[in-house]
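Reader: I have a structure to look at and would like to learn how to read it. Could we go through some features one by one?

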Amino acid sequence: MRGRFAPSPTGDLHLGGAFTALASYLRAKAVGDAWMVRMEDLDPPRVVPGSAARILDDLTWLGLAWDEGPGVGGPYGDYSQSRRSEKYSAAIADLEARGHVYPCTCTRAEISRAASAPHAGEEGPRYPGTCRDPSRRRAGRPASLRLRVPDDGRARIRFVDAFAGPQDEDVGAQVGDFVLLRADGVASYQLAVTVDDVAMRVEEVVRGDDLLPSTARQILLAQLLDGAPPAYAHLPMVLGPDGERLAKRHQSKWRGSTIAELREVGVTAAAILRVLGDALGFVIDEDASLGHLIESAGTTPMRPRAAWAPPREWLRPHVGDSSSR
Ligand SMILES: [Zn+2]
(Lines give C-alpha, C1' and ligand atoms only; values in the text may rest on other atoms or scores of the structure.)
Protein backbone atom coordinates (compact mmCIF):
# COMPACT_ATOMS: atom_id res chain seq x y z
CA MET A 1 0.00 0.00 0.00
CA ARG A 2 1.31 3.44 -0.90
CA GLY A 3 2.62 4.92 2.31
CA ARG A 4 4.05 8.16 3.59
CA PHE A 5 6.14 9.64 6.35
CA ALA A 6 5.18 13.22 7.16
CA PRO A 7 7.57 14.85 9.65
CA SER A 8 7.29 18.41 10.91
CA PRO A 9 10.64 20.18 10.52
CA THR A 10 10.56 21.52 14.07
CA GLY A 11 13.77 19.80 15.21
CA ASP A 12 15.92 16.75 14.59
CA LEU A 13 14.48 13.30 13.85
CA HIS A 14 14.08 11.53 17.18
CA LEU A 15 13.71 7.81 17.77
CA GLY A 16 9.93 8.02 17.80
CA GLY A 17 9.98 9.62 14.36
CA ALA A 18 12.46 7.06 13.05
CA PHE A 19 10.21 4.28 14.41
CA THR A 20 7.23 5.69 12.49
CA ALA A 21 9.33 6.19 9.36
CA LEU A 22 10.61 2.60 9.42
CA ALA A 23 7.16 1.10 10.08
CA SER A 24 5.55 3.00 7.19
CA TYR A 25 8.50 2.26 4.91
CA LEU A 26 8.35 -1.48 5.64
CA ARG A 27 4.58 -1.72 5.16
CA ALA A 28 4.90 -0.09 1.72
CA LYS A 29 8.05 -1.93 0.66
CA ALA A 30 6.85 -5.34 1.85
CA VAL A 31 4.29 -5.26 -0.95
CA GLY A 32 6.47 -3.43 -3.46
CA ASP A 33 4.66 -0.10 -3.23
CA ALA A 34 5.91 3.48 -3.20
CA TRP A 35 6.88 5.29 -0.02
CA MET A 36 6.85 9.07 0.09
CA VAL A 37 8.08 11.78 2.41
CA ARG A 38 6.06 14.94 2.92
CA MET A 39 7.28 17.92 4.96
CA GLU A 40 4.58 19.28 7.25
CA ASP A 41 5.99 22.79 7.46
CA LEU A 42 2.71 24.72 7.52
CA ASP A 43 3.25 26.53 10.79
CA PRO A 44 6.08 29.01 10.06
CA PRO A 45 6.89 30.04 13.66
CA ARG A 46 7.44 26.41 14.67
CA VAL A 47 9.68 25.52 11.75
CA VAL A 48 13.36 25.30 12.69
CA PRO A 49 15.55 26.43 9.78
CA GLY A 50 17.71 23.58 8.49
CA SER A 51 15.81 20.83 10.27
CA ALA A 52 14.01 19.60 7.12
CA ALA A 53 17.39 18.95 5.49
CA ARG A 54 18.69 17.30 8.68
CA ILE A 55 15.66 14.98 8.89
CA LEU A 56 16.11 13.96 5.24
CA ASP A 57 19.80 13.35 5.85
CA ASP A 58 19.02 11.10 8.84
CA LEU A 59 16.47 9.10 6.80
CA THR A 60 19.05 8.65 4.04
CA TRP A 61 21.66 7.57 6.59
CA LEU A 62 19.22 4.97 7.94
CA GLY A 63 18.79 3.70 4.37
CA LEU A 64 15.13 4.74 4.08
CA ALA A 65 15.06 6.00 0.48
CA TRP A 66 11.82 7.69 -0.55
CA ASP A 67 10.29 7.18 -3.99
CA GLU A 68 8.49 10.51 -3.95
CA GLY A 69 9.25 13.63 -1.93
CA PRO A 70 11.70 16.46 -1.40
CA GLY A 71 14.59 16.39 -3.84
CA VAL A 72 13.06 13.50 -5.78
CA GLY A 73 9.74 14.98 -6.85
CA GLY A 74 6.89 12.77 -8.00
CA PRO A 75 3.49 12.91 -9.65
CA TYR A 76 1.64 14.48 -6.71
CA GLY A 77 4.06 17.24 -5.66
CA ASP A 78 4.88 19.66 -4.22
CA TYR A 79 5.85 17.53 -1.21
CA SER A 80 6.16 20.45 1.23
CA GLN A 81 2.94 21.73 2.75
CA SER A 82 4.15 25.34 2.77
CA ARG A 83 3.96 25.27 -1.02
CA ARG A 84 0.49 23.68 -1.24
CA SER A 85 -1.69 26.51 0.14
CA GLU A 86 -3.63 26.83 -3.11
CA LYS A 87 -4.78 23.23 -2.79
CA TYR A 88 -6.01 23.88 0.75
CA SER A 89 -7.88 27.04 -0.35
CA ALA A 90 -9.50 25.09 -3.19
CA ALA A 91 -10.67 22.38 -0.79
CA ILE A 92 -12.15 24.96 1.59
CA ALA A 93 -13.91 26.67 -1.34
CA ASP A 94 -15.31 23.29 -2.37
CA LEU A 95 -16.64 22.64 1.15
CA GLU A 96 -17.99 26.19 1.30
CA ALA A 97 -19.89 25.71 -1.96
CA ARG A 98 -21.61 22.71 -0.36
CA GLY A 99 -22.61 24.75 2.68
CA HIS A 100 -20.17 23.08 5.08
CA VAL A 101 -18.20 26.17 6.16
CA TYR A 102 -18.84 29.19 8.39
CA PRO A 103 -16.71 31.92 9.95
CA CYS A 104 -16.06 31.90 13.69
CA THR A 105 -14.87 34.83 15.77
CA CYS A 106 -14.76 33.10 19.16
CA THR A 107 -11.62 33.41 21.25
CA ARG A 108 -10.09 30.41 22.97
CA ALA A 109 -11.29 31.73 26.35
CA GLU A 110 -14.86 32.14 25.10
CA ILE A 111 -14.90 28.56 23.83
CA SER A 112 -13.62 27.21 27.17
CA ARG A 113 -16.27 29.18 29.06
CA ALA A 114 -19.06 28.02 26.75
CA ALA A 115 -18.09 24.36 26.92
CA SER A 116 -20.53 22.56 29.19
CA ALA A 117 -18.08 19.87 30.23
CA PRO A 118 -14.53 21.05 29.79
CA HIS A 119 -12.26 18.06 29.59
CA ALA A 120 -8.52 17.95 29.79
CA GLY A 121 -6.37 16.83 26.91
CA GLU A 122 -4.76 18.10 23.76
CA GLU A 123 -8.04 18.19 21.92
CA GLY A 124 -9.43 20.96 24.10
CA PRO A 125 -13.12 21.46 24.78
CA ARG A 126 -15.78 20.61 22.20
CA TYR A 127 -16.72 23.69 20.17
CA PRO A 128 -20.38 24.38 21.02
CA GLY A 129 -21.24 25.84 17.60
CA THR A 130 -21.77 29.41 18.79
CA CYS A 131 -21.05 31.07 15.43
CA ARG A 132 -23.42 28.82 13.48
CA ASP A 133 -25.73 31.69 14.41
CA PRO A 134 -24.45 34.65 12.30
CA SER A 135 -25.80 37.18 14.82
CA ARG A 136 -23.32 35.91 17.41
CA ARG A 137 -20.25 36.59 15.26
CA ARG A 138 -18.29 39.70 16.29
CA ALA A 139 -17.58 42.18 13.53
CA GLY A 140 -14.02 43.47 13.40
CA ARG A 141 -12.46 40.36 14.92
CA PRO A 142 -10.26 38.07 12.85
CA ALA A 143 -12.31 35.01 11.86
CA SER A 144 -11.33 31.38 11.48
CA LEU A 145 -13.33 29.09 9.22
CA ARG A 146 -14.97 26.03 10.75
CA LEU A 147 -16.50 22.90 9.30
CA ARG A 148 -20.23 22.64 9.91
CA VAL A 149 -20.15 19.00 10.99
CA PRO A 150 -23.17 17.27 9.42
CA ASP A 151 -25.77 16.15 11.95
CA ASP A 152 -27.37 13.58 9.66
CA GLY A 153 -25.25 10.63 10.81
CA ARG A 154 -22.39 11.13 8.37
CA ALA A 155 -20.14 12.32 11.20
CA ARG A 156 -20.37 8.98 13.00
CA ILE A 157 -17.08 7.46 11.90
CA ARG A 158 -16.18 3.80 12.32
CA PHE A 159 -12.94 2.29 11.10
CA VAL A 160 -10.58 -0.54 11.95
CA ASP A 161 -7.03 0.57 12.74
CA ALA A 162 -4.40 -2.01 11.78
CA PHE A 163 -2.70 -1.70 15.19
CA ALA A 164 -5.20 0.05 17.48
CA GLY A 165 -8.23 -2.04 16.45
CA PRO A 166 -11.86 -0.98 15.87
CA GLN A 167 -12.64 2.71 16.42
CA ASP A 168 -15.98 4.48 16.67
CA GLU A 169 -16.30 8.25 17.01
CA ASP A 170 -19.11 10.76 16.61
CA VAL A 171 -17.22 13.86 15.47
CA GLY A 172 -20.17 16.15 16.15
CA ALA A 173 -20.60 14.95 19.73
CA GLN A 174 -16.93 14.58 20.62
CA VAL A 175 -15.18 17.43 18.82
CA GLY A 176 -17.86 19.64 17.32
CA ASP A 177 -17.36 22.00 14.38
CA PHE A 178 -13.59 22.13 13.94
CA VAL A 179 -11.26 24.65 12.33
CA LEU A 180 -10.37 24.42 8.62
CA LEU A 181 -8.59 27.75 8.26
CA ARG A 182 -7.03 29.51 11.24
CA ALA A 183 -7.69 33.19 11.88
CA ASP A 184 -4.10 33.91 10.75
CA GLY A 185 -4.92 32.47 7.32
CA VAL A 186 -3.03 29.18 7.71
CA ALA A 187 -4.85 25.95 6.85
CA SER A 188 -5.47 23.74 9.88
CA TYR A 189 -3.50 20.55 10.39
CA GLN A 190 -6.67 18.46 9.90
CA LEU A 191 -7.49 20.04 6.56
CA ALA A 192 -3.95 20.02 5.14
CA VAL A 193 -3.28 16.38 6.07
CA THR A 194 -6.59 15.22 4.62
CA VAL A 195 -6.20 17.14 1.37
CA ASP A 196 -2.63 15.85 0.95
CA ASP A 197 -3.32 12.21 1.80
CA VAL A 198 -6.21 12.12 -0.68
CA ALA A 199 -4.37 14.07 -3.41
CA MET A 200 -1.21 11.99 -3.01
CA ARG A 201 -3.18 8.73 -3.24
CA VAL A 202 -1.92 7.56 0.14
CA GLU A 203 -3.37 4.11 0.81
CA GLU A 204 -2.24 3.64 4.40
CA VAL A 205 -1.23 6.20 7.02
CA VAL A 206 1.21 4.85 9.61
CA ARG A 207 1.88 7.28 12.48
CA GLY A 208 2.07 7.60 16.25
CA ASP A 209 -1.07 6.95 18.27
CA ASP A 210 -1.03 10.53 19.58
CA LEU A 211 -2.79 11.25 16.27
CA LEU A 212 -5.46 8.56 16.67
CA PRO A 213 -7.96 11.19 17.98
CA SER A 214 -7.52 13.21 14.74
CA THR A 215 -8.38 10.33 12.48
CA ALA A 216 -12.19 10.48 12.55
CA ARG A 217 -12.06 14.16 11.57
CA GLN A 218 -9.77 13.37 8.66
CA ILE A 219 -11.97 10.52 7.41
CA LEU A 220 -15.03 12.78 7.64
CA LEU A 221 -13.27 15.55 5.70
CA ALA A 222 -12.07 13.14 3.01
CA GLN A 223 -15.61 11.86 2.58
CA LEU A 224 -17.11 15.37 2.41
CA LEU A 225 -14.53 16.16 -0.30
CA ASP A 226 -15.53 13.01 -2.22
CA GLY A 227 -12.07 11.55 -1.62
CA ALA A 228 -11.09 8.03 -0.64
CA PRO A 229 -9.74 8.08 2.92
CA PRO A 230 -6.64 5.93 3.48
CA ALA A 231 -6.45 3.01 5.89
CA TYR A 232 -4.80 3.74 9.24
CA ALA A 233 -2.19 2.09 11.45
CA HIS A 234 -1.34 3.92 14.68
CA LEU A 235 1.84 2.88 16.48
CA PRO A 236 2.29 2.68 20.24
CA MET A 237 4.53 5.33 21.69
CA VAL A 238 8.26 5.26 22.29
CA LEU A 239 9.05 6.13 25.91
CA GLY A 240 11.71 8.48 27.22
CA PRO A 241 13.73 7.76 30.38
CA ASP A 242 10.98 9.46 32.44
CA GLY A 243 8.35 7.01 31.19
CA GLU A 244 6.66 9.73 29.13
CA ARG A 245 6.29 9.80 25.33
CA LEU A 246 9.72 10.47 23.81
CA ALA A 247 9.62 14.06 22.61
CA LYS A 248 11.70 17.05 21.73
CA ARG A 249 11.98 18.17 25.34
CA HIS A 250 14.05 15.08 26.14
CA GLN A 251 16.89 16.59 24.13
CA SER A 252 17.52 19.22 26.79
CA LYS A 253 18.00 16.61 29.53
CA TRP A 254 19.35 13.57 27.69
CA ARG A 255 21.68 12.90 24.83
CA GLY A 256 20.82 10.06 22.48
CA SER A 257 17.11 10.62 21.86
CA THR A 258 17.75 11.81 18.29
CA ILE A 259 19.29 9.99 15.34
CA ALA A 260 21.85 12.81 14.96
CA GLU A 261 23.06 12.38 18.56
CA LEU A 262 23.29 8.60 18.19
CA ARG A 263 25.28 9.03 14.97
CA GLU A 264 27.65 11.39 16.76
CA VAL A 265 28.60 8.80 19.38
CA GLY A 266 29.07 6.04 16.81
CA VAL A 267 25.83 4.06 17.04
CA THR A 268 25.40 2.49 13.60
CA ALA A 269 22.35 2.66 11.36
CA ALA A 270 22.18 -1.14 11.48
CA ALA A 271 22.03 -1.09 15.29
CA ILE A 272 19.21 1.46 15.24
CA LEU A 273 17.28 -0.55 12.62
CA ARG A 274 17.67 -3.69 14.73
CA VAL A 275 16.21 -2.00 17.82
CA LEU A 276 13.34 -0.45 15.86
CA GLY A 277 12.68 -3.68 13.94
CA ASP A 278 12.54 -5.61 17.20
CA ALA A 279 10.03 -3.08 18.58
CA LEU A 280 7.91 -3.70 15.48
CA GLY A 281 7.71 -7.33 16.52
CA PHE A 282 10.12 -8.88 14.03
CA VAL A 283 12.61 -11.56 14.96
CA ILE A 284 15.98 -9.86 14.67
CA ASP A 285 19.32 -11.64 14.47
CA GLU A 286 22.70 -10.00 14.81
CA ASP A 287 23.31 -9.35 11.12
CA ALA A 288 19.75 -8.27 10.33
CA SER A 289 19.68 -5.52 7.73
CA LEU A 290 17.03 -3.35 6.14
CA GLY A 291 16.70 -5.99 3.42
CA HIS A 292 15.97 -8.64 6.03
CA LEU A 293 13.37 -6.38 7.62
CA ILE A 294 11.61 -5.84 4.29
CA GLU A 295 11.60 -9.61 3.80
CA SER A 296 10.17 -10.19 7.30
CA ALA A 297 7.51 -7.54 6.74
CA GLY A 298 6.50 -9.35 3.55
CA THR A 299 6.07 -12.71 5.22
CA THR A 300 4.96 -12.02 8.82
CA PRO A 301 2.38 -9.58 10.16
CA MET A 302 3.79 -6.50 11.86
CA ARG A 303 2.92 -6.61 15.57
CA PRO A 304 4.42 -3.57 17.30
CA ARG A 305 5.26 -3.96 20.95
CA ALA A 306 3.25 -1.88 23.37
CA ALA A 307 4.96 1.30 24.57
CA TRP A 308 8.71 0.59 24.62
CA ALA A 309 11.89 2.42 25.58
CA PRO A 310 15.21 2.58 23.69
CA PRO A 311 18.28 0.81 25.14
CA ARG A 312 19.45 2.44 28.36
CA GLU A 313 22.99 2.83 27.09
CA TRP A 314 21.80 5.09 24.26
CA LEU A 315 20.31 7.78 26.46
CA ARG A 316 22.70 9.58 28.75
CA PRO A 317 22.04 12.63 30.90
CA HIS A 318 23.81 15.82 29.87
CA VAL A 319 26.76 16.46 32.17
CA GLY A 320 28.68 19.64 32.70
CA ASP A 321 26.51 21.86 30.57
CA SER A 322 25.93 25.48 31.57
CA SER A 323 22.53 24.87 33.16
CA SER A 324 23.99 22.58 35.83
CA ARG A 325 26.85 24.87 36.82
ZN1 LIG B 1 -17.35 30.99 17.10
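The dialogue below takes up a helix pair and then a sheet.

Author: Keep in mind that this is a predicted model.

Reader: How are two packed helices described?

Author: Two packed helices are described by the angle between their axes and by the distance between the axes. Here, helix H3 (residues 85-97) packs with helix H6 (residues 189-199) at an angle of about 100 degrees, and their axes are 10 Å apart. Angles of 65 to 115 degrees count as roughly perpendicular, and H3 and H6 are therefore roughly perpendicular to each other.

Reader: Which residues of H3 and H6 make the contact?

Author: H3 contributes Lys87, Tyr88, Ala91 and Ile92, while H6 contributes Leu191, Ala192, Val195 and Ala199. Seven residues of this contact between H3 and H6 are nonpolar, none is polar and one is charged.

Reader: In what order do the strands of the sheet lie?

Author: The order is S3-S4-S7, in an open sheet of three strands with antiparallel pairing. S3 and S7 are the edge strands, each pairing on one side only. On average, neighbouring strands of this sheet are turned by 45 degrees against each other, direction ignored.

Reader: What pairs with S4 on either side?

Author: Strand S3 (residues 101-104) pairs with S4 over four bridges, and strand S7 (residues 179-181) pairs with S4 over two bridges. Leu145 of S4 is the bridge partner of Pro103 and stands opposite Leu181 in S7.

Reader: Where do the side chains of a strand point?

Author: In a regular strand the side chains alternate between the two faces of the sheet. In strand S4 (residues 144-147), Ser144 and Arg146 point one way, Leu145 and Leu147 point the other way, and all are buried.

Key: Residues numbered from 1 in each chain as written. Predicted model: local features only at pLDDT ≥ 70, side-chain atom pairs only at ≥ 80, totals over all residues. Axes fitted to C-alpha atoms, helices over the stretch in contact; angles between N-to-C directions. Parallel < 35°, antiparallel > 145°, perpendicular 65-115°, else oblique. Contact = placed C-beta atoms within 7 Å. Nonpolar A, V, L, I, M, F, W, Y, C, P; charged D, E, K, R; others polar. Buried ≥ 20, exposed ≤ 12 C-beta atoms within 10 Å, placed from the backbone. Pairing = 2+ DSSP bridges.
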